[in-house]
Amino acid sequence: KAMNTFGTSTLDNLTLMRDGITAFADVHHAEMVAPTLAKMKFANEAMFSAEGGAENEKKFMDMLKVIEMRNGLKSEKAFMEQANIIQQVITATGGRVQAEEWLNVIKTGGIAAKGIENKAFYYKLEPLVQEMGGHRVGTSMMSAYQNLYQGRTTQRAANNLDKFGLIGDQSKVQHNKTDDLSYLDIGAIKGADLFKKDQFAWMEQVLVPALNAKGITKEGDVIDAIGSIFSNRTASNLFAQMYMQREQIHKNAKLNEGANNIEQLYEQGKDTTAGKELEAKAKLHNAYLEFGTTILPIYTKAIEVATSALQSFTGWMERNPTLAKALGAGLVALAVSMVAIGGALVVFSPLILSLLSMRLIISSLSASGSVFATIFSKFPSIFGLLKSALMGVGRVFLWLGRALLMNPIGLAITAIGIAAYLIYKNWTPIKA
């Protein structure tokens, strides 16, 4: 309640708080992120339309898990940085790349995906994630990490790395008895620190210049060379895609970085028609909540009283089975009669309403005698017509009264009226 957010109700905020506790298992962290999540929820619904509630909740849960696994809970600033970047990517892609895809990257990418810098992870990988999917990008990143950084590769691939001048630390290279390169130790490749932070930057700043220095400049030759330094097709495909789409990746990264973040989209959404509708709906839901909170104690008390009365009535029925049976039969007859009366009122209520309206008009005219006299003096025929109309209505009701007394519905109405009168006159003995 203290959040007092625009476009989200107390229930919405409570749901976001619950999601935060579920994701972080920590109330403090959930409180820290709740206001940001509320703004993000409203902004995305206002700007990109609201989808199913369960699906929206899943998106926020995915985002929270992504940020948590990428060490974004060490401070509020760290959380806000990643949350804003995720929102920028959502804004730039029109909602096509959601937190679910980043979670897929981390699930399959493991340490390779967790160790990359935020801007490299979100901004630069976005076009690849959109094209290949989060699962495939993550798997490819982990394969490349194991091949190049961890040194888990084939002797052929290791020899090609050495041939292209991509071995940075010769002390981490092991040779066999014939002095051939046997295997690579962790971090042996050139620019190992950059590779851990940004694989795309490593490809541009280390791999491609090294190949160009060896005279490999044509796109097809570069792609062949890239394939030769990896021992599996997923890693080689990722780096080949990076090389071929490097200009587009830079464009997308610039577009992502310039897109609206949470606060900007939130302020923009407040001025839209959809945003104002969400705010009105949220305030209405809060009003329902306050009303329910006020009424609930009274309602609960009424239930308790009704339960007590029903228990007493049940006891009376157990002690007086004959009377209870008679009462039951009477209630059934009364219910049938009420149904019949309901049908009759549906038919006759417009006529009754018309008569009451006419009576009100006549009473109003009678209250001003001079006006009525003036009208009568000038238009004597009006009174004659009105008198004829009233007499006609009276005859209709007289006919309806006779008709009702000659059919089961009329008899039922009459019987209920008589029963009510008799109960009223004999209430004292009946009550006893």
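**Reading the model**

Modeller: A nonpolar surface patch of about 620 Å² is made by Phe 291, Ile 295, Leu 296, Ile 298, Tyr 299 and Ile 303. Keep in mind that this is a predicted model.

Biologist: Now Glu 279. Where is Glu 279, and is Glu 279 buried or exposed?

Modeller: Glu 279 is also placed in helix H16. Buried means under 20%. Glu 279 has a relative accessible area of 14%, so Glu 279 is buried.

Biologist: Which residues does Glu 279 touch, leaving out those up to four places away in sequence?

Modeller: With those left out, Glu 279 touches Thr 5, Phe 6 and Gly 7.

Biologist: Next, charges. How many salt bridges are there?

Modeller: The rule asks for a side-chain nitrogen of Lys or Arg within 4 Å of a carboxyl oxygen of Asp or Glu. By this rule there are eight salt bridges. One of them joins the side chains of Lys 124 and Asp 198, at 2.7 Å from N to O.

Biologist: Why does that pair tie together parts that are apart in sequence?

Modeller: Look at where each partner lies. Lys 124 is in helix H6 (residues 118–124), while Asp 198 is in the loop between helix H10 (192–197) and helix H11 (199–213), so the pair links parts 74 residues apart in sequence. Lys 124 is partly exposed at 22% relative accessibility. Asp 198 is buried at 7%.

Biologist: What about Glu 267 and Lys 270?

Modeller: Their side chains meet in a salt bridge of 3.8 Å, N to O. Glu 267 and Lys 270 are three residues apart in helix H15 (residues 262–270), which means about one helical turn separates them. Glu 267 is partly exposed at 38%, and Lys 270 is partly exposed at 23%.

Biologist: And Arg 18 with Asp 19?

Modeller: Another salt bridge, at 3.2 Å from N to O. Arg 18 is partly exposed at 43%. Asp 19 is buried at 3%.

Biologist: One last residue. Where does Gly 227 lie, and how many residues apart in sequence are Gly 227 and Ala 240?

Modeller: Gly 227 lies in helix H12, residues 219–228. Gly 227 is partly exposed, at 31%. Gly 227 and Ala 240 are 13 residues apart in sequence, and 7.7 Å apart in space, C-alpha to C-alpha.

Key. Residues are numbered from 1 along each chain as its sequence is written. This is a predicted model: local features need pLDDT of at least 70, side-chain atom pairs count only at pLDDT 80 or more; totals for chains, interfaces and linings use all residues. Side-chain values use heavy atoms; hydrogens and water are left out. Helices (H or I, at least four residues) and strands (E, at least two) are DSSP runs, numbered from the N terminus. Buried means under 20% relative accessible area, exposed over 50%, partly exposed in between (1.4 Å probe, protein chains only). Patches are made of residues with over 30% relative accessible area and no salt bridge: like charges are joined within 9 Å, nonpolar side chains (Val, Leu, Ile, Met, Phe, Trp, Tyr) within 5 Å. Accessible areas come from the Shrake-Rupley method with a 1.4 Å probe; for residues, only the protein chains shown count as cover. Contact means heavy atoms within 4.5 Å.
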